[in-house]
Amino acid sequence: MTETIIKVDLNSSPYDNEKIHNRWHPDIPMAAMVKPGDDFIIECHDWTGGQIKDNDDASDVRDVDLSQVHFLSGPVGVEGAEPGDLLVVDILDIGTFSDSEWGFNGFFSKNNGGGFLTDHFPEAQKSIWDISGMFTKSRHIPGVEFAGLVHPGLIGCLPSKEMLEEWNTREKALYDTEPDRIPALATLPYADTAHMGAMDGDAAKTAAAEAARTVPPREHGGNCDIKDLSRGSKVYFPVYVKDGGLSVGDLHFSQGDGEITFCGAIEMAGWIHMRVNLIKDGMKKYGIKNPIFKPSPITPTYNDYLIFEGISVDEDGKQHYLDVHIAYRQACLNAIEYLTKFGYSRAQAYAILGTAPVQGHISGVVDIPNACATLWLPTEIFDFSIQPGEDGPTKELDGSIDVPLAPDKP
């Protein structure tokens, strides 16, 4: 039987578990050691460490302490791993706990994290998703059910001291260009809520003051939120410290490309079964500085899509030059507006795009001045037809159910 090398107690604080950490730092001690060829199971808190509850009140999303996140299980050391190697990670299986078969999706308040469409959805909202085997649906969003593509939103190896310094320098420089911006341009080191695994005393305090926050993806992997890193995926991670230091967390039951609500997947606690191997000197051999991966061979099969286009012209009609970010935002807004014609609220439509197996594509970046991005919405996830026709859309929902909202505090 495969060994579970890191366990969590969902009824206890992750701060009480020395095999959990919420910052990146090369000096965090290994929580467990394995050998190349070993497979093992790791248990994970949800990314907030239990701050969000299974209820109809979105105030926990409004009030979430984002300085605590993400809570990661690890680091796991691999015997023989050295800087310059590639750590090969096979994701063998992943799932929910039998006593916690639910997840949540949220829009953060613009004053506390925001999101991709925060100017359109500036206040906190939350939807709860019940998980039944491979399928999920929400009491807050009628008429939709889909199969999950379960994956870790965050997985990567520890950075070297030099890499940590590079991260902090470049992100501080960006932050300083607009230090009063809300949301902030970057999340800088913050020691007060750091959990440094098994580190304690002065060493932990010193490391926490410079440890990198886990919010963005970086060269080592990290918070990439790639929905296709699911069962059967193989990932090649650059190794930057002795033993590698593999950590994982932020498990998602399902997510649309882009994780556009920021808390944008169906977030869950659960477990992941992995196997590790090494390619010695693999970074140099293959010219790799960021992870590469092979996607899962087991994915939900949806064959019919409505595809929404967006171009580099913003909501105010301003022309931008080949701006894919704006183009994808427009594709998302176009899809949201379309779904409202069938009775969904704008918030319900936004939540669907963040949680369902939506595909996002960069479709064109050469035809000046407009980039073209597309959002592929699978039509088979709906209980009714959303195809356009001569008779116009039928309003299927009466508006009696919506995604709970928690207004900002005065």
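What follows is a close look at one helix and some of its surroundings.

A: Happy to! This is a predicted model, in which local features need pLDDT of at least 70 and side-chain atom pairs count only at pLDDT 80 or more, while totals for chains, interfaces and linings use all residues. Residues are numbered from 1 along each chain as its sequence is written, and side-chain values use heavy atoms, with hydrogens and water left out.

Let's start with helix α6, residues 346–355, where 9 of the 10 residues are buried. Buried here means under 20% relative accessible area, exposed means over 50%, and partly exposed lies in between (1.4 Å probe, protein chains only). Helices (H or I, at least four residues) and strands (E, at least two) are DSSP runs, numbered from the N terminus. Among the buried residues of α6 are Ala347, Tyr350, Leu353 and Thr355. The buried part of this helix packs against β7 (102–107), β8 (124–132), β10 (141–147), β16 (262–267), α5 (324–340) and β21 (372–378).

Tyr350 leads us to a neighbour, Thr261, which touches Tyr350 as well as Asn105, Gly106, Phe107, Phe108, Gly114 and Gly115, not counting residues up to four places away in sequence. Touching, or contact, means heavy atoms within 4.5 Å. Thr261 sits in the loop between β15 (246–252) and β16, and with a relative accessible area of 1% it is buried. A polar atom of the Thr261 side chain lies 3.2 Å from the backbone nitrogen of Gly264.

Now to β21, which α6 also packs against. The loop between β20 (359–364) and β21 holds Val365 and also Asn370. Val365 is partly exposed, because its relative accessibility is 41%. Asn370 is likewise partly exposed, at 22%. Asn370 touches Ile311, Ser312, Val313, Gln319, His320 and Leu322, again leaving out residues up to four places away in sequence. With Gln319, Asn370 makes a side-chain to side-chain polar contact at 2.6 Å. A polar contact is a pair of N or O atoms within 3.5 Å; within protein, one must be able to donate a hydrogen and the other to accept it, and residues adjacent in sequence count only if both atoms are side-chain atoms. For a sense of distance, the C-alpha atoms of Asn370 and Pro189 are 37 Å apart, and these two residues are 181 positions apart in sequence.
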